[in-house]
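Here's a quick question-and-answer tour for anyone meeting this structure for the first time. Have a look, then read on.

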Amino acid sequence: MNWVGRRLPRSEDPPLLRGEGRYVPDIAIGARVVRFLRSPVASGRITALRPPAEMPPGCLFVTGADLAEVQPIKPGLRRFNYRAVEQPVLPIERVHFVGQAIAAIVAPGAALAEDLLEACELDIAAEDPVIGFDAALAPDAALVHPIAPGNVAVEGELRPEAFAETLASAAHMVEFAFRSGRQSAMPLEGRGGVAEYDRATGRIRLSASAQMPHQLRTGIAQLLGMPEADLQVIAPDVGGGFGQKMALFPEYPVLVWLARKHRGRFAWVEDRNENLIASAHSRDQRHVLRAGFDAEGRLLALEADILADVGAFSVFPTTCAVEPLMALAEYPGPYKVPAYAVRTRGVLTHTCPMAPYRGVSRPVITFGIERVMDRAAAALGLAPDEIRRRNLHDVFPARSATGMVLDEASYIQALDEAVHILDIPAFRARQAAARAQGRYLGLGLSVFNERTGYGTPAFAARSMDVVPGYEVVDIAMLPSGEVEARIGSSPHGQGLRTTLSQIIADRLGLDPGHIRIIHGDTDRTPYGWGSFASRSLVIGGGACQVAADKLADKLRRGAARLLQCEPSDVTLRDGNAVAGAASMPIAELARLAHQRSELLSDAIGFNLAETGQYDPGGTFSNACHAAIVEVEAETGHVRVERYLVVEDAGRIINPMIADGQVQGGVAQGIANALFEEVIYAPDGTPLTGTLADYTPPTCAEIPEIEIHHLETISDATITGAKGLGEGGSIGAPAAIANAISDALSPFGVDVAEFPATPPRIRALVRGRAPRA
Amino acid sequence: MKPASFAHHAPLTLEEALALLARHGEEARVLAGGQSLVPTMAFRMARPAVLVDINRIAALDHVTVEGSVLRIGALARHARFETPAVAGPLGALLARVAHHIAHPPLRLRGTFCGSLAHADPASEWCATALALEARMVLARADGLREVAAEDWFQGVFSTAMAPGEMLREVVLPLPAPAWRGGFAEFARRAGDFALAMAVVGLRLEGGVVRGARIALGGIGGQPVLAREAMALLESQPPSPALLEEAAATAARHCDPQEDLHAPAEYRRELVAVMVKRALRQAVSA
């Protein structure tokens with residue numbers, strides 16, 4: 001029985017659907033309530049900070065002065081002119097963005113905590129903040145941090161010799177300047193943690209809504225100077241992360257400090273306003289592209305100038321280089337780019353810090369290059385699919401302009417498949433008929449690759465002080481024959497308990513129901529990196545496969561001893577170890593291995609435990625997205641009529657879960673394209689602190705998403721699987737923008753800013769008459 | 001627990017409720033559906049010391065035709081109007097409007113009168129009340145008074161209601177047989193506060209428009225009548241060109257405000273489109 005490839009229902013779901021999941025707020029019940037006093041101004045000096053005049057019993061007021069022994073958060077990067085900006089856990093002198101935590105109030109109950117928060121005395125001598133690229137990069141700009149001249153925290157540049165000549169020699173040049181609005185990852189569950197002191201052991205248990213529990217543990221122990229062994233971090237059920245919950249936020253060390261100092265149990269659960277203004281933002285970028293094509297539409301040279309607003313600090317462990325460097329490394333995407341020059345800068349401003357968010361820059365660079373393809377196609381009289389076909393890599397392995405190895409993929413096949421399904425000639429006829437009635441339909445394509453499952457070498461190339469990558473899995477069969485796999489990955493909605501059990505089940509000949517995946521607890525899992533960067537199924541899954549194969553070997557050796565044959569004669573299937581006509585239940589073998597070890601120990605030792613490690617170089621999944629939209633010219637409203645994804649993520653372990661990943665990603669991508677934007681007033685006040693103002697779409701705005709899978713099996717991963725967690729969000733903004741631009745082509749305008757909100761679309765077409 | 005502390009009273013009779021309101025005056029707020037009040041309390045923008053919860057007063061839960069009017073009690077929920085509350089074009093218009101108010105769970109809780117008392121500039125019922133010449137029946141411990149819709153709205157979240165008073169009922173006149181209604185709004189997302197809306201009522205008599213009323217909502221501090229456009233339509237046959245001109249007139253004369261979601265000029269464009277759509281709906285009904 002093959003479990004891989006089946007639409008196995010998620011074992012995670014029944015308790016979640018019954019409302020019986022256990023999230024941080026469930027664990028917080030009964031703990032003392034922590035609320036944070038947050039800065040109302042973007043930049044300034046703290047001149048007074050005092051607790052409420054009356055502090056009832058059991059209440060505490062904690063400031064940066066109390067945390068004098070606590071180190072600042074200071075992620076490192078050893079290249080790219082990186083300026084090691086420090087973030088105090090709670091600031092003593094200065095504030096750097098609206099929403100920055102300044103002090104903590106602790107009270108026995110939530111209502112009292114809220115009342116006390118209002119009664120704190122805080123005075124800040126406000127100064128003019130640095131908001132936006134133009135202000136930050138102005139020659140006389142104030143510095144957000146003195147350590148970063150020109151407000152540039154990180155800078156990378158690649159410029160091959162004779163690039164300018166190559167670009168100048170192109171028959172046709174496309175210049176494209178565009179803007180990507182700032183977004184919030186907006187997980188359904190915000191951040192939160194409960195820190196509890198254990199009087200019996202002196203240890204602290206921190207339950208946190210986090211993606212990287214081991215990193216949180218190491219990072220907090222370092223900041224607090226406490227024994228790492230005395231801190232246990234648990235990521236319980238986590239309601240989404242999308243990258244936002246990778247960071248070591250200041251609130252967590254405060255909780256652990258409180259629990260240690262006051263030997264109690266302290267909980268902080270943020271509200272939506274805190275999540276929107278004070279967690280992390282992303283995608284606030286401005287790019288200028290110049291692309292030279294030959295007369296046949298082949299890209300000869302690409303030049304990119306990239307600005308990423310990284311906010312006021314650099315988050316641990318990824319650093320504020322994560323967006324600028326991702327954009328630098330991956331701009332050419334799936335295309336053959338013979339000459340590539342790029343300059344990328346991470347710009348500091350007095351705003352909420354940037355952290356990774358599903359796709360990390362790739363939604364932005366895909367928007368850039370895909371809009372360039374459409375502009376070039378229009379200028380050269382080529383169909384959008386044809387210009388892409390002429391430029392996509394089609395011989396593998398290929399090497400990208402930045403030296404990355406592109407493994408076997410289906411760039412052209414995915415495009416062809418999408419074009420075939422769409423029936424473009426029929427659409428063009430419908431589009432023409434609609435235009436005759438003053439209705440504007442458009443079709444947009446977006447072709448991209450998605451680097452996934454990259455291990456230590458890829459991260460080491462970035463030169464971060466903390467280099468993620470590998471995963472370790474400890475697997476053990478119990479005397480009952482059930483299997484426990486302890487993983488360093490930390491799923492928070494991805495369904496890894498289901499998919500990893502499918503992988504292991506096939507290797508051990510067991511039913512997935514007999515396999516337990518243990519995760520999110522630093523006491524019970526091997527050191528690992530958690531879940532992000534579309535890595536867990538590839539790397540954690542690969543480590544599961546390695547571990548399970550080693551365990552399978554052991555089981556075969558044990559069975560061979562008992563069945564009196566060679567290990568190579570033994571097959572594990574359907575719960576049995578089978579050798580020709582002889583067989584025995586694997587559960588019986590497990591019982592004997594533990595409880596009658598005298599029969600087996602010289603063949604297999606005294607346990608059925610193994611460790612698997614995996615650290616792949618990385619693989620590229622790929623996809624073609626296509627959107628059909630209708631734009632209402634008189635209001636600027638965009639309706640997404642159809643959304644198609646042809647996705648190739650190699651071997652699909654569970655198609656239902658893969659589809660869910662794509663659907664969720666596309667929904668966030670459409671949100672990015674049309675709806676969501678974090679907006680700051682010129683004085684640095686965030687204006688989008690509620691869901692009425694930061695406007696994520698609802699199910700009414702997101703269409704059915706049609707998904708087709710291709711399965712190119714490359715040898716880049718041992719399972720054949722490629723990651724696909726981010727692709728949906730990567731492809732959608734470009735597909736939507738290209739569709740809107742196609743729809744509005746009679747007006748002679750196109751989209752160069754997203755989200756493409758109705759007022760922005762009206763601003764494009766206002767005063768312009770459509771030509772027939 | 002986010003709100004500032006408050007006392008919660010849940011009287012069983014209207015008299016008891018009015019006595020509480022009289023006693024606590026400006027300190028008190030009426031709690032009906034709570035869909036606007038409670039969120040503003042959670043942000044501590046509203047911090048009433050006393051909530052008079054009227055949900056147990058069964059006598060306030062009515063939507064009834066009485067003579068030539070429709071009486072809407074203080075506990076009538078938005079959802080009550082999703083199917084026509086009264087036969088004919090009025091019920092059809094109210095049903096059309098109701099479907100644009102937030103989302104189903106909110107419509108099960110929020111009330112028609114609560115919307116008028118809260119007076120959010122983007123409230124569908126507020127613009128509707130203005131277009132339909134509603135009368136507000138205010139009760140207080142020592143009596144009743146009525147306020148016409150045109151005198152009711154006094155700016156953002158501000159009405160003619162005085163401390164100690166409660167909006168007991170809204171009265172809508174039943175329209176003439178030749179009356180037709182229309183409604184259109186533009187919102188970024190289903191159920192969002194509209195960036196602009198138009199509610200239209202008119203009579204088609206002998207091929208011409210009579211007594212047109214056009215209320216605009218979502219564009220400024222309070223719903224307003226598009227009087228110039230209304231005048232333009234009077235006694236004219238409703239040709240497509242006339243409707244366009246009326247829509248353009250409404251847009252030209254309104255005073256849209258700018259906010260995060262819409263520059264003023266964009267709102268003005270939306271007004272034209274929404275008035276046009278609402279008028280077309282009305283004349284083709």
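Q: How many residues does the contact take from chain A and from chain B?
A: In this predicted model, chain A puts in 31 residues and chain B puts in 22 residues. To count as contact, heavy atoms have to lie within 4.5 Å.

Q: What makes the pair Glu269(B) and Arg766(A) a salt bridge?
A: Their side chains meet at 2.5 Å, N to O. The cut-off for a nitrogen of Lys or Arg and a carboxyl oxygen of Asp or Glu is within 4 Å, so the pair Glu269(B) and Arg766(A) qualifies. Across the interface of chain A and chain B, the rule finds 10 salt bridges.

Q: Which helix gives the largest share of the side of chain A that touches chain B?
A: That's H3(A), with five residues. Helices of chain A that each supply at least two residues there include H19 (655-675) and H21 (758-765).

Q: How much area is buried between chain A and chain B?
A: About 2200 Å², with carbon and sulfur atoms giving 53% of it. That figure is summed over both parts, because buried area is what the two lose on being put together.

Q: Why can Ile670(A) be called a member of a nonpolar core?
A: A core like this is made of buried residues such as Ile, joined through side-chain atoms within 4.5 Å. Ile670(A) is among the residues that touch the most other members of the largest core, which has 91 residues. Its contacts include Val640(A), Tyr643(A) and Ile736(A).

Definitions and conventions:
Residues numbered from 1 in each chain as written. Chains lettered and ligands numbered in written order. Predicted model: local features only at pLDDT ≥ 70, side-chain atom pairs only at ≥ 80, totals over all residues. Heavy atoms only, no water. Buried < 20%, exposed > 50% of the residue type's maximum accessible area, 1.4 Å probe, protein only. Buried area = accessible area lost by both parts, 1.4 Å probe. Helix = DSSP H or I, 4+ residues; strand = E, 2+ residues; numbered from the N terminus. Lists of a residue's contacts leave out its neighbours within four places in sequence.
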